[in-house]
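Reader: I've got a model to go through with you. Can you put it up, and we'll take it piece by piece?

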Amino acid sequence: MSQSEGRPAHLAHHFSEVGQQKDSAKLGMWIFLLTEILLFGGLFCAYAVYRSWNPDMFYNAHKFLNVYLGTVNTFVLISSSLTIALAIHYIRLGRRRAAIIGLVLTIVFAIGFLIIKYFEYSHKFHLGQLPGKYYTFTGVEGTNPHIFFSIYFMMTGLHGLHVMAGIGIITWVLVKTVKGRFSPEYYTPMELTGLYWHLVDIIWIFLFPLLYLVG
Amino acid sequence: MDATVVPNYLKQPKGLKSWLFTLDHKRIGLLYLAGIMTFFIVGGVLALIIRLELLHPGKDLVGAKDVAFPRLNLASWYVYIFGALFALYSIIAGSVDTGWTFYTPYSTRTTTSVISMTLGVFILGFSSIFTGLNFIVTIHKLRIPGMTWFKMPLFVWGLYATAIIQVLATPVLGITLILLILERTFGIGIFDPSMGGDPVLYQHFFWFYSHPAVYIMILPGMGIISELIATFSHKKIFGYSAIAFSSLAIAFISFLVWGHHMFVSGQSELAAMIFSSLTFLVAIPSGIKVFNWLATMYKGRISLETPMLYALSFLFLFTIGGLTGIFLGALAVDVHLHDTYFIVAHFHYVMMGGTVMAFLGGLHFWWPKMFGRMYSERWGKISVALIFIGFNVTFFTQFILGAKGMPRRYYNYLDQYQPLHAFSSYGSWILGLGFLIMFIYLIHSLFRGRRASSNPWGSLTLEWTNSSPPPPENFLETPKLTHGPYDYDKVLVERE
């Protein structure tokens, strides 16, 4: 069928105008984020159940998490949210170089977060603070302290997987930006990636106090 | 014969590659149909049936040219096939002996292929979420100008309610399955009582998804029934908004009733009482639907063609299935009936008598639109009669077996149950014969069937305004809405 003239290249055939396409993409992303919250919701629910059953053990076990590193990581992630928001801001203004710098910084912060997490994890592996039946540490008072570390590793582990996925997606957006695919008229993938990245950030904002600052 | 001039989506473009990489939602629908039919024959894993709603050229109903995200739509199909093969592999290569519920602690101890099976289901979950997401966005953003929410066909309302459940419930199943896999691989202890974990928590998680899941299966079916009954009664649907809102009500209530699967699992008496009363609420929107369908038929010009016979079977069987659900929702009665053949019969009356009958009705209704061919009406009627009789002989018997105490999932049984078991097995042969006849005449119609006109049933919904089968982009021009989907009182439809 003949495409009516004046249709931009990024407008797919089944949409009648750019605004409709963008609104659809955004709505789709928001629904996806909702499913992510529900995915983590199961773990938050498990956390609530086991903490209400073992409040003392949770308190004793949480002392073995490194609040200093956790705080640093919180700032690292919040900074990465800022840099990706700035990247979107600049692409909207047509300042591609500034947007590229914003994306690169976001990736650097994300990798930094994972490196810090790696040091936290390896320290715990070393002490035997492992999940479930591999738990060998003896320093925590209270019954079933391995449950706390099971929940800790599941929640931060699933979050870490999301950080890794985010690095992949942001890299893809970066490549497209370098190739000049985005402009003030069309930058939807970058904006949606930003939404996803903020969600990853927000989940950490909940994990940090629940795990590190229980006392 | 104008069918030779107008391009249709089946013929253009050509070649295997054009099918495997298609972004056309109608072709993807047929890929699902082929996939589901294959797995249906293989044995029908539960999650596969969840995908029934994709069988139909649904987007034509809102006048859109395609779904909002065509690539995601195709990706869902591939994910679905991949997940299903995974699940199938687990059954063939290792067998799974946990039942479909994977209850802990048994599922964490058995040596069968629980991990690959749950991974398969986890992958299927992605397919379900992506499709739900796609449908919600399509319905919100891609309706043609003039099609307001209350001019949408009721099938679309059913799909909308379904998509909401898919999106909200499936992620919780996802995390539950991950926890189960981690429990088996790392012994995290969350569901293991010997390590301070709680197996009942697993059941809560599982049913939070799996109860809504059965509504995922029935809601599109109910939507189809609304279309069939209005079309074949040639009458405006009675209580449009009541039917539309009852779909949303069913979706909403579905999230509040999961505890009725756990009356004997050791949850508190208070919780059981609350879940029991919430369960009774489901009967209200379901009843609203049934009575509105009956009121639609009242004084209509009913024509008893094959799709309508399926719709009538649905009304009859779903009502029995729904009412026996009330028995099971009542606390004291459930203690007696729990885990017996009664629940098996109830489930089949709702899922097979409901969902499958609606699916078959929809398949026969949209067949001419999908393939441009008519099937044999006479054999269609014979087949629906055999399926209806065979179904009742098979499963009504199981209500009696269950009430007499026959437990489900048993490989062998006491002699006293033998006559009823035999009767039920004979029924399944009649049922099987009905399906066999159906497969034969449907395949026959693909090659030898009479050419279908654009609107063989005289229906007023949008998809019947274009040719059969439709062109690749659905509508050559964005269609103009001149009447509502059920304005049989205002519009006289030509039919051949």
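Author: Start with the core. The largest nonpolar core has 174 residues. A nonpolar core here is a set of buried Ala, Val, Leu, Ile, Met, Phe, Trp, Tyr and Cys residues joined through C-beta atoms within 7 Å. Buried takes 20 or more other C-beta atoms within 10 Å of the residue's own, exposed is 12 or fewer, partly exposed is in between, and C-beta atoms are placed from the backbone. This is a predicted model: local features need pLDDT of at least 70, side-chain atom pairs count only at pLDDT 80 or more, and totals for chains, interfaces and linings use all residues. Residues are numbered from 1 along each chain as its sequence is written, and chains are lettered from A and ligands numbered from 1 in the order in which they are written.

Reader: Which residues have the most contacts inside that core?

Author: A:I151, B:I136, B:Y160, B:I164 and B:I225. Contact means C-beta atoms, placed from the backbone, within 7 Å.

Reader: And which helix gives the largest share of the core?

Author: Helix 7 of chain B, with 20 residues. Helices (H or I, at least four residues) and strands (E, at least two) are DSSP runs, numbered from the N terminus.

Reader: Take B:I164. What is B:I164 in contact with, leaving aside neighbours within four places?

Author: B:I136 and B:A251.

Reader: Now the interface. How many residues does each chain put in?

Author: Chain B gives 31 residues and chain A gives 29. On the chain B side, helix 6 (114–141), helix 7 (154–186) and helix 8 (199–233) each supply at least two residues. Helix 7 gives the most, with nine.

Reader: What's the split by class on the chain B side?

Author: That side has 20 nonpolar, seven polar and four charged residues. Nonpolar covers Ala, Val, Leu, Ile, Met, Phe, Trp, Tyr, Cys and Pro; charged is Asp, Glu, Lys and Arg; the others, Gly among them, are polar.

Reader: What scores does the predictor give the complex?

Author: An ipTM of 0.88 and a pTM of 0.88.

Reader: And chain B by itself, what's the average pLDDT?

Author: Chain B averages 86, and 93% of the residues score at least 70. That score is the predictor's confidence in each residue, from 0 to 100. Over residues 43–58 of chain B the pLDDT is below 50, though this stretch has 49 contacts in the model beyond near neighbours in sequence.

Reader: Why be careful where pLDDT is low?

Author: Where pLDDT is low, the predicted coordinates should not be read in detail.

Reader: OK, overall fold. How many helices and strands in chain B?

Author: Chain B has 16 helices and zero strands. The C-alpha trace spans about 70 × 45 × 40 Å along its principal axes. A compact globule of 496 residues would have a radius of gyration near 23 Å, and chain B agrees, with 23 Å. The radius is taken over C-alpha atoms, and the globule rule is 2.2 Å times the number of residues to the power 0.38. Buried residues make up 51% of chain B.

Reader: And chain A, what's in there?

Author: Six helices and zero strands. The C-alpha trace of chain A spans about 75 × 30 × 25 Å. Of the 215 residues in chain A, 35% are buried.

Reader: Where are the cis peptide bonds you'd flag?

Author: One joins B:T104 and B:P105, with omega about 0°. B:P105 sits in the loop between helix 4 (70–94) and helix 5 (106–109) of chain B. Another runs from B:S468 to B:P469, with omega near -10°. B:P469 lies in the segment after helix 16 (418–448) of chain B.

Reader: B:F102 is in that loop between helix 4 and helix 5 too. What's its phi?

Author: Phi of B:F102 is near 55°, a positive value in a residue other than glycine.

Reader: Is B:F102 buried or exposed, and why?

Author: B:F102 counts as buried, because it has 20 C-beta neighbours inside 10 Å.

Reader: What about A:N144, where is that found?

Author: A:N144 is in the loop between helix 4 (96–127) and helix 5 (145–178) of chain A. Its phi is also positive, near 50°. A:N144 has 19 C-beta neighbours inside 10 Å, so it counts as partly exposed.

Definitions and conventions:
Two residues are in contact if their C-beta atoms, placed from the backbone, lie within 7 Å.
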